Amino acid sequence: MHMTIIPATNHALPAEPFQGRHLIDGVWQGSADGRSFNRASPAHGVLVSQSALGGQAEADAAIAAARRAFDDGRWSRLSGKARAAVLLRVADLIEGSVDRIALLETLESGKPISQAKGEVAGAADLWRYAASLARTLHGDSHNSLGPDMLGVVLKEPIGVVSIITPWNFPFWIVSQKLPFALAAGCTCVVKPSEMTPSSTVMLGELLVQAGLPAGVVNIVLGYGLPVGAAMVESASVDMVTFTGSTAVGKQIAATAAGTLKKVALELGGKNPQVIYPDADLEGAADAVTFGVYFNAGECCNSGSRVIVHADVAEAFIARVVALSGHVAFGDPLNSDTQVGAIISPAHNAKIDSYVQAAVKAGATVRLGGGLLQVPGLAGQFYQPTIVADVTPDMAIARDEVFGPVLSVLTFRTHDEAIALVNDGTYGLSAGVWSENVHTCMDFARRVQAGTVWTNTWMDGFPELTFGGVKQSGQGREIGPYGLDEFLEVKTLAMRIGRTRAPWVKTR
Ligand code: NAD
């Protein structure tokens with residue numbers, strides 16, 4: 001079996017681990033009890049960051065700071081122009097820090113350095129786009145309610161927002177939320193994943209440099225319990241926006257119900273691509289290969305489920321197997337690497353357990369199917385893996401594997417393909433490959449997904465909103481709808497002149 005493996009390269013690892021602290025009310029600080037936690041590089045196994053370990057005290061202090069900053073209007077009452085100016089400065093500063101942030105993102109997450117750089121540079125564009133929304137934000141007017149009445153609908157910032165993010169795209173995901181919340185005029189408490197805290201700390205440094213007033217963005221480092229839970233529970237928080245697993249998303253929705261605060265959730269996916277026999281099979285095979293291995297499959301949009309027409313299935317699988325052999329797996333610090341390390345040994349074992357269970361249930365491994373040893377590296381990797389003869393009832397066809405593992409199912413009729421796509425609890429994204437525009441349009445209308453790609457996979461733009469249906473989430477991010485999530489609506493009904501007929505009959 002041919003595989004392209006990039007062994008350990010002699011890029012120097014940092015001599016000292018990055019020191020991360022909380023940012024609370026404009027002050028960088030350690031934890032009250034002095035505790036900290038460590039992160040080792042998943043590829044190299046060496047210590048790369050040491051972060052202050054937040055607890056209830058730090059979460060409470062950050063929430064109180066965000067509350068004060070919101071209530072005194074130091075940010076929410078600024079003009080859109082003034083808010084946009086800060087967001088644009090942040091975008092410039094991010095662009096000037098791509099290499100520094102990307103290196104730490106790679107060291108903590110295991111993703112290839114070239115992709116970390118792309119993620120950070122792309123995030124700068126999200127900040128720039130959100131700045132444009134800060135200046136164009138407006139409500140509605142109703143000038144057709146009769147001559148004596150004018151209606152105005154105001155949009156106001158929702159208030160204090162808790163932002164909780166995962167480890168797979170740490171810098172990108174915080175940038176899908178934070179600049180939009182800030183554009184709306186909100187103040188925030190941010191908790192990055194305990195696996196990848198440092199790029200969010202670096203972002204905090206840029207926010208301070210850009211002149212964001214103290215207390216508007218507070219960062220607390222630590223675990224879901226107690227920090228994340230406190231950020232969801234608090235009556236001083238008006239909204240929680242969370243990206244992560246569906247299981248934790250459900251806990252967050254349940255906890256938030258205690259105060260009926262607004263919840264926006266971006267959760268998992270089991271994203272299908274349907275390949276019709278009339279498709280550009282060469283292009284589809286390349287996109288499927290990209291879709292399953294990008295970010296080692298640790299991607300909410302991973303194209304982990306391919307549903308291919310039975311007539312072309314064998315040829316298609318053979319093509320994806322052949323292409324997989326050319327994808328460079330290995331040391332994420334090498335600029336040629338396309339697939340890096342898996343986030344933790346426990347997660348690597350979970351990926352493998354899905355593959356082994358599928359084999360037991362009758363599926364066939366066409367490529368890979370086991371842990372990968374990369375010469376010279378102590379960390380954990382998984383082989384590029386393609387599993388065929390998968391049936392819809394298998395866990396590998398239904399659950400998010402979150403690894404470089406492709407499940408292949410087959411279909412015969414268009415209706416059968418749509419039914420397979422919609423058979424599941426997730427509804428994040430779906431793709432169709434066909435040269436027939438009618439097939440593509442019918443597919444797009446009938447599938448249950450927040451995003452549909454036709455003859456492409458995983459293209460995204462700040463302008464195009466993103467989110468999931470079913471158990472993939474609620475609410476939307478980026479695009480104009482992404483701003484709306486952070487806005488409350490207030491209605492004004494204004495009478496013109498003394499035209500109101502008295503309700504009380506005095507005679
Ligand atoms: P996770 O749910 O384990 O953790 C996400 C965050 O929640 C972390 O910061 C964690 O500390 C925190 N957390 C954990 N328990 C909590 C609790 N009880 N209360 C509050 N916060 C808590 O997810 P993960 O493993 O970091 O990320 C992988 C998951 O994220 C996958 O399921 C993936 O599909 C999903 N994801 C979704 C999208 C999307 O946009 N739909 C994007 C990226 C990742």
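**View 1. Asp 442 is partly exposed, at 29% relative accessibility.** Partly exposed lies between buried (under 20% relative accessible area) and exposed (over 50%), with a 1.4 Å probe and protein chains only. This is a predicted model, in which local features need pLDDT of at least 70, side-chain atom pairs count only at pLDDT 80 or more, and totals for chains, interfaces and linings use all residues. Residues are numbered from 1 along each chain as its sequence is written, and side-chain values use heavy atoms, without hydrogens and water. Asp 442 pairs with Arg 446 in a salt bridge, at 3.0 Å from N to O. A salt bridge here puts a side-chain nitrogen of Lys or Arg within 4 Å of a carboxyl oxygen of Asp or Glu. The two residues sit four residues apart in helix 14, so about one helical turn separates them. Helices (H or I, at least four residues) and strands (E, at least two) are DSSP runs, numbered from the N terminus.

**View 2. Arg 446 also forms a salt bridge with Asp 415.** The closest N and O atoms of Arg 446 and Asp 415 are 3.1 Å apart. This pair links distant parts of the chain. Arg 446 is partly exposed, with a relative accessible area of 36%. Asp 415 is partly exposed too, at 48% relative accessibility.

**View 3. Glu 95 and Arg 128 form a salt bridge.** Their closest N and O atoms are 3.0 Å apart. Glu 95 lies in helix 2 (residues 80-96) and Arg 128 in helix 4 (residues 113-136), so the pair ties together parts that are 33 residues apart in sequence. Glu 95 is partly exposed, with a relative accessible area of 41%. Arg 128 is partly exposed as well, at 26%.

View 4. The whole structure holds 22 salt bridges.

**View 5. Val 274 is buried, with a relative accessible area of 0%.** Val 274 is located in strand 14 (residues 272-275). Leaving out residues up to four places away in sequence, Val 274 touches Ile 307, Phe 411, Ala 417, Val 421, Gly 431, Val 432, Trp 433 and Phe 443. Contact means heavy atoms within 4.5 Å. Thr 465 is 191 residues from Val 274 in sequence and 22 Å away in space, C-alpha to C-alpha.

**View 6. The protein chain has 15 helices and 25 strands.** The C-alpha trace spans about 90 × 60 × 40 Å along its principal axes. For 507 residues, a compact globule would have a radius of gyration near 23 Å, and the 24 Å of the protein chain agrees. That radius is taken over C-alpha atoms; the globule rule is 2.2 Å times the number of residues to the power 0.38. Buried residues account for 56% of the 507. Among contacts between residues at least 6 apart in sequence, 74% join residues at least 24 apart. The accessible surface is about 20400 Å², with 55% belonging to carbon and sulfur atoms. Accessible areas come from the Shrake-Rupley method with a 1.4 Å probe; for residues, only the protein chains shown count as cover.
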